[in-house]
Amino acid sequence: MPDTLAPQMHETITDSMLAIRNLQAWYGESHVLHGVDLDIRKGEVVTLLGRNGAGKTSTLRAIMGLTGRRTGSVVFEGRETIRMSPDQIGRAGIGYCPEERGIFASLDVTENLMLPPKVREGGLDIPTIHALFPNLKERARSLGTKLSGGEQQMLAIARILRTGAPLLLLDEPTEGLAPVIVQQIGAMIREIKQRGFTVLLVEQNFRFAQTVADRHYVMEHGRVVDSVTNSEMAGSMDRLHAYLGV
Amino acid sequence: MLEELLFQLEMSAPQVVLGLVNGAFYALLSLGLAVIFGMLNVINFAHGAQFMMGAFVAWMLLNWAGIPYWGALILSPIIVGAFGVILERTMISRLYKLDHLYGLLLTFGLALIIEGLFRNQFGSSGLPYAPPESLTGAPLDLGFMMLPKYRVWVVVAAFAVCIATWLIIEKTRLGAYLRAATENAPLVQAFGVNVPRMVTLTYAAGVGLAALAGVLAAPIYSVNPGMGSNFIIVVFAVVVIGGMGSILGSVITGFGLGLVEGLTKVIYPEASATVIFVIMAIVLLARPAGLFGRA
């Protein structure tokens with residue numbers, strides 16, 4: 001695809017917490033990201049929408065340095081991270097919650113919760129986390145994989161809230177969960193936004209995205225092709241339906 | 001009847017103790033293999049050579065630097081562990097993305113080279129290494145048998161090291177990183193843990209355990225280049241029976257099979273050399289993941 005199809009930004013964002021320019025990434029020989037551009041301001045909740053295989057998960061993984069080769073620019077709080085290793089990126093202050101949740105089977109709930117090292121002051125303390133996620137307190141000694149899907153998701157998010165990382169990457173936290181749990185997760189995302197966390201959220205379900213996010217990016221074929229603010233969303237439904245095919 | 005039983009006990013007790021001593025080495029060596037396999041996914045065939053290096057470094061420390069047994073017990077695992085760091089950084093780390101077989105072949109080759117170099121330098125006949133004075137002298141008299149102090153020390157020390165290693169892995173924060181990285185290393189790294197460094201140090205720790213076993217073995221078996229390969233074949237059988245990668249499994253299986261081997265020497269001596277391999281074959285057929293392994 002020629003570069004003239006690069007996304008038309010609705011506005012130029014200069015005060016980004018995370019600024020991604022022409023991010024390309026590969027898994028071995030397979031070229032999965034073809035030049036992603038996006039910006040997130042401090043305190044925003046931003047979603048990545050798009051069909052399966054559009055490159056949403058790969059974008060999060062590429063931000064963390066978990067794909068194979070990657071090129072372009074990923075500037076976090078003014079620091080270029082494209083040449084950093086995943087542990088350096090994590091230490092810099094980006095918390096990552098993978099799509100498969102990544103709960104460790106041989107660790108109990110408390111060990112899972114305490115596993116990621118603190119990277120900064122300002123994380124939630126354990127009483128606050130237990131208040132937000134009461135189930136995790138009740139099940140502190142259970143092995144991670146004995147939890148229900150919803151509890152595993154809560155644990156996967158809770159453990160990165162503890163570290164003080166100000167930017168959280170959440171990959172489809174509502175996937176496969178019952179509507180009542182999805183509502184809880186929505187409430188939890190609004191709560192952590194209140195507390196000043198910045199969130200980049202991958203979502204398939206844009207009705208859910210609408211209830212939590214400030215802005216949305218649409219991905220197709222490994223790049224960002226459109227963006228829309230949450231207030232414009234109602235008026236842009238036809239366009240979004242065309243992208244997402246729903 | 002009772003007298004006969006006592007006689008039996010008297011006859012078999014020394015073999016049981018000998019079995020426990022062997023079991024202590026099986027446990028220490030298979031523990032190191034399990035730690036390395038869990039973290040690196042590499043079957044460390046150089047483990048026997050590193051065990052032998054531990055014994056030789058103790059001998060060198062004593063004869064070249066005048067450092068006695070107790071110093072060697074600390075220094076030799078550190079020196080051989082540092083050698084492990086170099087191996088891991090320069091060679092083994094290049095194979096992580098490949099099949100287990102490549103790591104096995106590389107470390108097998110390394111074992112042959114290391115053994116060859118030592119044989120070239122020191123010959124095959126074996127060098128004497130005396131146990132420390134505090135552990136020689138009159139054996140402990142248990143009434144029905146005499147127990148050499150040094151052998152008691154080996155069993156106790158090996159058991160303590162195994163328990164300490166297990167506690168570190170199961171109960172500490174470092175151990176939680178290790179267990180988590182065994183399951184999903186990239187995610188642990190994304191949380192900000194320097195996983196490549198942890199992998200290197202884990203290899204060094206596993207190699208250090210082999211070297212520690214080597215120092216413990218030096219006064220019992222003569223220090224010779226082939227001492228590792230004699231042990232390692234049995235140790236791999238122990239690992240297969242216990243289940244590759246299971247920490248507690250390798251400790252229990254190590255001591256247990258040492259005992260079985262010792263008892264077999266009493267009951268049916270002809271089978272003592274093969275009993276472990278018979279058990280291995282049965283376990284492989286009935287439970288291919290091993291007694292303590294996760295299928």
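In chain B, helix α2 (residues 47–65) and helix α3 (residues 69–90) have axes that come within 9 Å and cross at roughly 130°. That angle makes α2(B) oblique to α3(B), since angles over 145 degrees would be needed to count as roughly antiparallel. The crossing of α2(B) and α3(B) is right-handed. The model shown here is predicted.

Which residues of α2(B) and α3(B) make the contact? On the side of α2(B) they are Gln50(B), Met53(B), Gly54(B), Val57(B), Ala58(B), Leu61(B) and Leu62(B). On the side of α3(B) they include Gly71(B), Ala72(B), Leu75(B), Ser76(B) and Pro77(B). Ile79(B), Val80(B) and Gly84(B) of α3(B) also take part. Two packed helices are described by the angle between their axes and the distance between the axes.

Along the sequence of chain B, the elements follow the order α-α-α-α-β-β-α-α-α-α-α-α. Chain B has a radius of gyration of 19 Å, close to the 19 Å that the globule rule gives for 295 residues, so it is as compact as a globular protein of that length. Along the principal axes, its C-alpha atoms fill a box of roughly 65 × 50 × 35 Å.

The next topic is the inside of chain B. Of its 295 residues, 48% count as buried. The largest nonpolar core has 156 residues, and those with the most contacts inside it are Ala24(B), Leu28(B), Leu29(B), Ala55(B) and Ala213(B). Helix α1 (residues 2–40) of chain B gives the most to this core, with 17 residues.

What is Leu29(B) in contact with, leaving aside its neighbours within four places in sequence? The residues are His47(B), Phe51(B), Ala210(B), Ala213(B), Phe231(B) and Val235(B). For chain B as a whole, among contacts between residues at least 6 apart in sequence, 77% join residues at least 24 apart.

Chain A remains. How many helices and strands does chain A have? There are 10 helices and 10 strands in chain A. The radius of gyration of chain A is 17 Å, close to the 18 Å given by the globule rule for 246 residues, so chain A is as compact as a globular protein of that length. A box of roughly 55 × 40 × 35 Å, taken along the principal axes, is filled by the C-alpha atoms of chain A. Of the 246 residues of chain A, 45% count as buried. Among contacts in chain A with a separation of 6 or more, 70% are between residues 24 or more positions apart.

Definitions and conventions:
Residues are numbered from 1 along each chain as its sequence is written. Chains are lettered from A and ligands numbered from 1 in the order in which they are written. This is a predicted model: local features need pLDDT of at least 70, side-chain atom pairs count only at pLDDT 80 or more; totals for chains, interfaces and linings use all residues. Helices (H or I, at least four residues) and strands (E, at least two) are DSSP runs, numbered from the N terminus. The radius of gyration is taken over C-alpha atoms; the globule rule is 2.2 Å times the number of residues to the power 0.38. A residue is buried if 20 or more other C-beta atoms lie within 10 Å of its own, exposed if 12 or fewer, and partly exposed in between; C-beta atoms are placed from the backbone. Two residues are in contact if their C-beta atoms, placed from the backbone, lie within 7 Å. A nonpolar core is a set of buried Ala, Val, Leu, Ile, Met, Phe, Trp, Tyr and Cys residues joined through C-beta atoms within 7 Å. Axes are lines fitted to C-alpha atoms, for helices over the stretch in contact, and angles run from 0 to 180 degrees between N-to-C directions. Angles under 35 degrees count as roughly parallel, over 145 as roughly antiparallel, 65 to 115 as roughly perpendicular and the rest as oblique. A crossing is left-handed if the near helix is turned anticlockwise from the far one by less than a right angle, and right-handed if clockwise.
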